[in-house]
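Welcome to a guided tour in your viewer. Keep the selection tool ready, and let us go from stop to stop together.

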Amino acid sequence: MTVQVNEKKRAGCLNYNGKYVYFDKEGYALEIYEKHYDDVPLVTGLNYKKIALGEKIPEKKTAVFEQILKITMAIDKYDLPVSQIHFNAEGKALLISGDLTINLWNSRELDLKLTELTGILPKMKGKKGTISMKYFTKDNPVAIFKKKK
């Protein structure tokens, strides 16, 4: 008899009742710990009432969770130094990387925006401020940096 065990990888985590709930790339709650692992981005700004291990994270806006999964998979794939993904009241994703905030604005061209960050973030190391990708498109790949005072 051969037994094959596939360990699911942590895609992100949520703070829930003072503990960290880690979820996989499909949005299922894998484990709950009191410790936050630095290599797993913390997701904040979501609305959920109850989370159960082994079940899908119950986010009211399914499009938001699909966006979270795309972002967390890109963070892992491109080894982006993002510690937090925050969704503001309008549902727009903000990425936190050190003293930088990256405002993605919307989910249009999300894959392209995240790929572009692989070249942008190393150049911004040590800087404080916000990178706006409001006008970023395939035809106009422009990110605007506003320095924090």
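## Stop one: Tyr22

Select Tyr22, which counts as buried because its relative accessibility is 0%. The model you are looking at is predicted. Tyr22 sits in strand E2.

Now show everything that touches Tyr22. Leaving out residues up to four places away in sequence, its contacts include Arg10, Gly12, Cys13, Tyr28, Glu31 and Val40. One runs from the side chain of Tyr22 to the backbone oxygen of Lys35, at 2.8 Å. For the other, go to Tyr37: its backbone nitrogen lies 2.8 Å from a polar atom of the Tyr22 side chain.

Pick Tyr22 and Leu42, which are 20 residues apart along the chain; their C-alpha atoms are separated by 9.0 Å.

## Stop two: Glu31

Next, select Glu31, one of the residues that Tyr22 touches. Glu31 belongs to strand E3, residues 29–33. Is Glu31 buried or exposed? Glu31 counts as buried because its relative accessibility is 18%, and the cut-off for buried is under 20%.

Which side chains make polar contacts with the side chain of Glu31? One is that of Arg10, at 2.3 Å. Another is that of Tyr33, at 3.5 Å. If you set aside residues up to four places away in sequence, Glu31 touches Arg10, Tyr20, Val21, Tyr22 and Leu53.

## Stop three: the nonpolar cores

Now for a wider view. In soluble globular proteins, nonpolar side chains tend to be buried together. Here, the largest nonpolar core has 36 residues. Select Phe23, Ile71, Leu95, Leu104 and Leu117 to see the residues with the most contacts inside this core.

Colour the helices and strands to see where the core comes from. Strands E1 (12–16), E2 (19–23), E5 (84–87), E6 (93–97) and E7 (100–103), along with helices H1 (62–77) and H2, each supply at least two of its residues. Which element gives the largest share of this core? Helix H1 does, with seven residues.

Zoom in on Leu117. Not counting residues up to four places away in sequence, Leu117 touches Leu80, Leu95, Ile102, Pro122 and Met133. Then look for a second, separate core of five residues, with Cys13, Tyr20, Val40 and Leu42 among them.

## Stop four: Lys113

Stay with helix H2 and select Lys113, which lies in this helix. Lys113 counts as buried because its relative accessible area is 1%. Its side chain and that of Asn106 are joined by a polar contact of 3.1 Å. Leaving aside neighbours within four places in sequence, Lys113 is in contact with Leu104, Asn106, Arg108, Met133 and Phe136.

## Stop five: two loop residues

Select Asp79, in the loop between H1 and E5. Its phi is near 55°, a positive value in a residue other than glycine. Asp79 counts as exposed because its relative accessible area is 65%.

Then select Glu109, in the loop between E7 and H2. Glu109 has a positive phi of about 55°, although it is not a glycine. With 35% relative accessibility, Glu109 counts as partly exposed.

## Stop six: the pockets

Rolling a probe the size of a water molecule over the atoms shows where empty space is left.

To find the largest pocket, select Lys9, Arg10, Ala11, Thr72 and Asp76; of its 18 lining residues, these lie nearest its centre. About 440 Å³ of space lies in this pocket. What classes of residue make up its lining? There are ten charged, seven nonpolar and one polar.

For the second largest pocket, select Pro81, Ser97, Leu121, Pro122 and Lys125, which lie nearest its centre among 15 lining residues. Its volume is about 200 Å³. The lining divides into seven nonpolar, four polar and four charged residues. Helix H2 (residues 110–123) gives the most to this lining, with three residues.

Technical notes
Residues are numbered from 1 along each chain as its sequence is written. This is a predicted model: local features need pLDDT of at least 70, side-chain atom pairs count only at pLDDT 80 or more; totals for chains, interfaces and linings use all residues. Side-chain values use heavy atoms; hydrogens and water are left out. On a 1 Å grid over the protein atoms alone, a cavity is a set of points where a 1.4 Å probe fits but cannot get out, and a pocket is an open set with protein on both sides within 12 Å along at least five of seven lines; lining residues have an atom within 4 Å of a point. Grid points are joined across faces, edges and corners, and a volume is the space filled by probe spheres set on the points. Ala, Val, Leu, Ile, Met, Phe, Trp, Tyr, Cys and Pro count as nonpolar, Asp, Glu, Lys and Arg as charged, and the others, Gly among them, as polar. Helices (H or I, at least four residues) and strands (E, at least two) are DSSP runs, numbered from the N terminus. A nonpolar core is a set of buried Ala, Val, Leu, Ile, Met, Phe, Trp, Tyr and Cys residues joined through side-chain atoms within 4.5 Å. Buried means under 20% relative accessible area, exposed over 50%, partly exposed in between (1.4 Å probe, protein chains only). Contact means heavy atoms within 4.5 Å. A polar contact is a pair of N or O atoms within 3.5 Å; within protein, one must be able to donate a hydrogen and the other to accept it, and residues adjacent in sequence count only if both atoms are side-chain atoms.
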